[in-house]
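The sequence and structure are shown first.

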Amino acid sequence: MKVLVIGGGAREHALCRSLSQDPAVTELHCAPGNAGTAQVATVHQVDQLDGAQVTALARGLGAELVVVGPEAPLVAGVADALRAAGVAVFGPSAEAARLEGSKAFAKDVMAAAGVPTARSYVCTTPAEAAEALDAFGAPYVVKDDGLAAGKGVVVTSDRDEALAHAAACGQVVIEEYLDGPEVSLFAITDGTTVLPLQPAQDFKRALDGDQGPNTGGMGAYSPLPWAPEGLVEEVLETVLQPTVDELRRRGTPFSGLLYAGLALTSRGTRVIEFNARFGDPETQVVLARLRTPLAGVLHASATGTLDQLEPLRWDEGAAVTVVIAAEGYPAAPRTGDPIEGLAEAEAADGTAYVLHAGTKAAEDGRVLSAGGRVLSVTATGAGLAEARERAYRAVERISLAGGQHRGDIALKAAQ
């Protein structure tokens, strides 16, 4: 199978790494890719938001499967263009991707499907926002209705800050605060069958102890030793399958990766948000534990044959990812700095490796920083403590001027 992955972050490097290890994959391409994906796939320049460009590239390569990584191309309809050209694609249509592209649409789908979530109001004016904030009280949760690269949510006890965020966004969803730990659960679906993956937890805040500004994610781990028994089965029954069934009922079937961000509250499991693609950095740890070859699973989703797959196989051990971010991230990340120690960070036995996010290859062969989140250092082990120790040992071998990372990823879960 010839496979083309669209995107250029650590999620796409993780996907490419897993696909490169799949004996069924005879050719692997990535566009636009980064300095890391170039080590396992042939990279191509493409405007990933342009469906015609992506389709032309896929047809020129003879790609038998296109995997669309990021949310923006999905919301822009890239998967629709590929499907119209007869190319098998892993990723939902633009209409189905509104589940991530519009928080208000997602709330409407959840209400129709009976999916448990936070009570909320959709607000378009400052007066509506103020009324909603007062209805729920602090802490206030204000979400930009549209795509915001994981940084469109403000959770604060400062009413003025909440109002300012609402005013800056235009249309927002303001909802009740959900207590309890958060869980990320991915599911692969072909629009009918839903195949849940293993749960993970990510760390959104920039600094240790969940302090500092919200980010796209500073690390993740899997499995979750503290998760209640039967959680995956419960979420499949009450969240994932009803959502997929509702979208199919509306005539906009969801095919691809459905991501449920969950809060395990004192009143039961609640959906915080849906995403229409693999989450970053949770993908890095979930794929590190997946033993079933990836290409066949994604192709089954793209071709409506998930019900014919055997049960997924998983490594019984653990995986931890620590994100190294640039100086100034998330507000104003500095780019163009050389990255040293990448080879030294990699373990010969494959138990620790570096996934590139915001990187580019310089003409002299050096790897330079080219984004806010620069690297995802990932490690596996028999348990979380071992995986965590290996990840941080690898992090210490990498040098990036002004680079920053959290020191507490998976710390509590490993104790």
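## Backbone geometry

A410 sits in the loop that joins β24 (399-400) to α14. The model is predicted, and in it A410 adopts a positive phi of about 65° although it is not a glycine. With a relative accessibility of 1%, A410 counts as buried. D210 belongs to the loop between β13 (205-207) and β14 (211-214), and its 45% relative accessibility makes it partly exposed.

Two cis peptide bonds may be noted here. The bond from A138 to P139 is cis, with omega near -5°, and P139 is placed in the loop between α7 and β7. The bond from S222 to P223 is likewise cis, with omega near 5°; P223 is located in the loop between β15 and α9 (231-249).

Helix α13 spans residues 384-396, 13 residues in total. From its first C-alpha to its last it reaches 18 Å, close to the 18 Å expected at 1.5 Å a residue. Its buried residues are L384, A387, R388, A391, Y392, A394 and V395. Because these residues cover an arc of only 155° around the axis, they lie on the same side of α13. The elements covering them include β15 (219-222), β18 (318-325), α12 (342-345), β20 (352-356), β23 (373-381) and α14 (411-414).

In helix α8 (residues 159-169), the buried residues are A162, H165 and A166. Seen down the axis, they fall within an arc of 100°, so they line one face of the helix. Their packing partners are α7 (126-136), β7 (140-144), β8 (153-156) and β9. The face turned away from this buried side carries D160, A167 and A168, which are exposed.

E175 is part of strand β9 and counts as buried, at 3% relative accessibility. Leaving aside residues up to four places away in sequence, E175 touches K107, A118, R119, S120, F136, V141, K143 and I272. With one of these contacts, V141, the C-alpha to C-alpha distance is 5.6 Å, although E175 and V141 are 34 residues apart in sequence.

S369 is found in strand β22 (residues 367-369). Its relative accessibility is 1%, so S369 counts as buried. With residues up to four places away in sequence again excluded, its contacts are R334, T335, G336, D337, I339, G358, V374 and L400.

## Enclosed cavities

Rolling a probe the size of a water molecule over the atoms shows where empty space is left. The count comes to two cavities of 30 Å³ or more. The largest cavity holds about 60 Å³ of space. Its lining consists of L99, K103, A106, K107, M110, K143, V173, E175, I272, E273 and F274. At least two lining residues come from each of α6 (103-113), β9 (172-175) and β17 (268-275), and α6 provides the largest share, four residues. By class, six of the lining residues are nonpolar, none is polar and five are charged.

The second largest cavity has a volume of about 40 Å³. L15, V67, V68, G69, F90, G91, P92, L257, A276, R277 and F278 form its lining. Eight of these are nonpolar, two are polar and one is charged.

## The second largest pocket

About 320 Å³ of space lies in the second largest pocket. Its lining comprises 19 residues, with S18, Q21, L287, L290 and R291 lying nearest the centre. The elements that contribute two or more residues to this lining are α1 (10-20), α10 (282-289) and β20. By class, the lining divides into nine nonpolar, seven polar and three charged residues. Strand β20, which contributes to this pocket, is also among the elements that cover the buried residues of α13.

Methods:
Residues are numbered from 1 along each chain as its sequence is written. This is a predicted model: local features need pLDDT of at least 70, side-chain atom pairs count only at pLDDT 80 or more; totals for chains, interfaces and linings use all residues. Side-chain values use heavy atoms; hydrogens and water are left out. On a 1 Å grid over the protein atoms alone, a cavity is a set of points where a 1.4 Å probe fits but cannot get out, and a pocket is an open set with protein on both sides within 12 Å along at least five of seven lines; lining residues have an atom within 4 Å of a point. Grid points are joined across faces, edges and corners, and a volume is the space filled by probe spheres set on the points. Ala, Val, Leu, Ile, Met, Phe, Trp, Tyr, Cys and Pro count as nonpolar, Asp, Glu, Lys and Arg as charged, and the others, Gly among them, as polar. The expected span of a helix is 1.5 Å times one less than its number of residues. Buried means under 20% relative accessible area, exposed over 50%, partly exposed in between (1.4 Å probe, protein chains only). The arc is that of the directions from the helix axis to the C-beta atoms. Contact means heavy atoms within 4.5 Å.
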